[in-house]
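Here is a short briefing to read alongside the sequence and the 3D view. Keep both open as you go through the points.

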Amino acid sequence: MAERTHAGRRPLWLVLALVYGFLYIPIAVLVALSFNEGGLPTVWSGFSLKWYGSLAANKEILSAALNTLIVALVSTAIATLLGTLLALGIEMRRRHGRALEALIFAPMIIPDIVLAIALLSFFSMLNVTMGLHTIVLAHVVFNLAFVCSVVRARLKSFDWSIVEASSDLGASAITTFRRVTLPVLLPAVIAGALLAFTLSVDEFIIAYFTAGAGRASTTLPMQIYSMIRFGITPEINALATIVMAVSIAALTLSQRLNRTVAP
Amino acid sequence: MAPALAWLTALMVVPCGLVLALAFFRRGIYGGIEYTFTLENFGLAFDPLYAGIFLNSARIAGTATLIAVVIGYAAAYAIAAAPRRLQPVFLFFAVLPFWSNYLIRTYAWIVLLNREGLLTQLLRWFGYHGEPPSLLYTEGAVITGLVYNYLPFVILACYAPLARLNPELGEASRDLGASAMTTFRRVTLPLTLPGIAAGAVFVFVLSIGNFVTPALLGGGRFQMIGNLVYDQFLTANDWPFGAALSMALIAIMMLLLTVQAMAAERASGRARTAEGDAADG
């Protein structure tokens, strides 16, 4: 019997192997080629870190990386604060309308291109000079929605009676928040912030439309896009590997934090 | 709460409202916008030139959706059938690529598909010596890129209902003499349809509104609605038409999501009846 079940499952393992192969082989090839000394996409000529070295010497890429870091850090900070407060506001009040739900859900599902052109029209009609600050304004929109949803998930299982207990024992509202609510929420808040950071670092379309003219506010994805359009270079492979490593590390950490808070 | 809601209102609701309004204005003679009411931006969509692009992008997005749903459902089914403690791990690794940079994932396919790429090399190795086939800049490359990028989404959407599926339903069906195929077709598939539909809606909408994949893997030869929107805002300078196109995108999404919600409602009704029947039987 067990034998038969095992045999029956074999096609399923095959499906999994094929799907994960499809998902990971392209990425694996890219990462492998970034360490290829000769830089040719097809001939392996030995392990080397020289393409990473040439990245470090490329001023355009460094300035784009710095821009991305600024945008991601600032937009994550604002979004984490606003998103957490929003989540607390919604969950403490318990009763809320469908319009509010739709408003918070919208930034997560609206196609990027639509939000991108909407913000471009909006900023140019108001004659706002576009640059890194407008990218930050735009990134906070979707980032705060994601932070809010992560924190809300945690609040759903939050036992509000400990807050009451704290105030019954004479703690002020601020003390209660600092000593009771925040420690419980913190892992979810950090998980949300890491998610927001990843999304912001990787976001291309909205940044592309709200960066304004000129090279000064080029972000890393914008830089990658223009490099890709000129063709394959070993530098892109190296850059892609670093960017992927950063996102994957941030996301894995975020997942872990989220799991430790899950009931 | 108020600052966040103010932020969303000022930087999402108002700009989107602006785009909606823009769609009803006329394009100025030298670009720019002329503030007279018109419906001709929506009429333009029926111009043979644009209608062709619409049909083309609907076909490409439709094909990508179909392939992604078939592969994604099979993967979700296999994950749901795996030992319980392995399931979160499988799921995590299925979704992980989704969170890495979209451009990089698309670029990975340029590396594989270009004339000197790995696939050509593989063909040579198998003894093919003619002119290298052009794999890049084809419709197939665009579809592959879309499937690759959105597959994790479908896996996630299909996994949820599959994991929640009551195994007793399948057993009941088999006990009553149905073959595995019939059980799948009459029990499993209808009950997990909402997940499939949710995944399909997002793949379709994101594909049809995409401009990056057609530009990079299609070499600009295959236009999607997303490319049209891009052109209207950044090169052709016809903002009202671009606005009308993006509102059309939103309308398609809302329509499909409504259909999906109706399917979900029907399926949950069906699940309750089925659970009741299984309990009785």
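Chain B has 12 helices and two strands. This is a predicted model. Chain A has 11 helices and zero strands. The two chains touch: 54 residues of chain B are in contact with 55 residues of chain A.

**Chain B: layout**

- Read from the N terminus, the elements of chain B go α-β-β-α-α-α-α-α-α-α-α-α-α-α.
- The C-alpha trace of chain B spans about 75 × 60 × 40 Å along its principal axes.
- Chain B has 281 residues, and 43% of them count as buried.
- Take the contacts in chain B with a separation of 6 or more: 71% of them are between residues 24 or more positions apart.

**Chain B: the two strands**

- Strand β1 of chain B covers residues 25–27, and three bridges join it to β2(B).
- The two strands run antiparallel.
- Phe25(B) has Phe37(B) in β2(B) as its bridge partner.
- How many of the five residues of β2(B) are buried? The count is zero, so by the cut-off of 20 or more other C-beta atoms within 10 Å, none of residues 33–37 qualifies.
- Strand β2(B) is hardly covered.

**Chain A: layout**

- From the N terminus, the elements of chain A run α-α-α-α-α-α-α-α-α-α-α.
- Along its principal axes, the C-alpha trace of chain A spans about 75 × 70 × 30 Å.
- Chain A has a radius of gyration of 23 Å, whereas a compact globule of 263 residues would have one near 18 Å.
- Buried residues account for 43% of the 263 residues in chain A.
- Among contacts in chain A between residues at least 6 apart in sequence, 79% join residues at least 24 apart.

**Chain A: confidence**

- Chain A has a mean pLDDT of 88, and 94% of its residues reach 70 or more.
- Confidence in chain A is lowest in helix α1(A), residues 2–34, with a mean of 82.
- Confidence in chain A is highest in helix α9(A), residues 205–210, at 96.
- Residues 1–7 of chain A have a pLDDT below 50. Beyond near neighbours in sequence, this stretch has zero contacts in the model.

**Where the chains touch**

**The nonpolar core**

- The largest nonpolar core has 156 residues.
- Ile117(A), Leu119(A), Leu144(A), Val154(B) and Val203(B) touch the most other members of this core.
- Leaving aside neighbours within four places in sequence, Val154(B) is in contact with Ala68(B), Val69(B), Gly72(B), Gly199(B) and Val203(B).
- In soluble globular proteins, nonpolar side chains tend to be buried together.

**Residues to find in the view**

- Ala188(A) sits in helix α8(A), residues 173–202.
- Is Ala188(A) buried or exposed? Ala188(A) is buried, because it has 25 C-beta neighbours inside 10 Å and the cut-off is 20 or more.
- Ala188(A) and Ser254(A) are 66 residues apart along the chain, yet their C-alpha atoms are separated by 8.4 Å.
- Phe93(B) lies in helix α4 of chain B.
- Phe93(B) is partly exposed, because it has 15 other C-beta atoms within 10 Å.
- The C-alpha atoms of Phe93(B) and Leu123(B) are separated by 30 Å, and these residues are 30 apart along the chain.

**Positive phi in loops of chain B**

- Tyr137(B) is not a glycine, but its phi is positive, near 60 degrees.
- Tyr137(B) is in the loop between α6 and α7 (139–164) of chain B.
- With 18 other C-beta atoms within 10 Å, Tyr137(B) is partly exposed.
- Asn237(B), also not a glycine, has a positive phi of about 60 degrees.
- Asn237(B) is in the loop between α11 and α12 of chain B.
- Asn237(B) counts as partly exposed, because it has 15 C-beta neighbours inside 10 Å.

Definitions and conventions:
Residues numbered from 1 in each chain as written. Chains lettered and ligands numbered in written order. Predicted model: local features only at pLDDT ≥ 70, side-chain atom pairs only at ≥ 80, totals over all residues. Core = buried A, V, L, I, M, F, W, Y, C linked by C-beta atoms within 7 Å. Buried ≥ 20, exposed ≤ 12 C-beta atoms within 10 Å, placed from the backbone. Contact = placed C-beta atoms within 7 Å. Helix = DSSP H or I, 4+ residues; strand = E, 2+ residues; numbered from the N terminus. Pairing = 2+ DSSP bridges. Rg over C-alpha atoms; globule rule 2.2 N^0.38 Å. pLDDT = per-residue confidence, 0-100.
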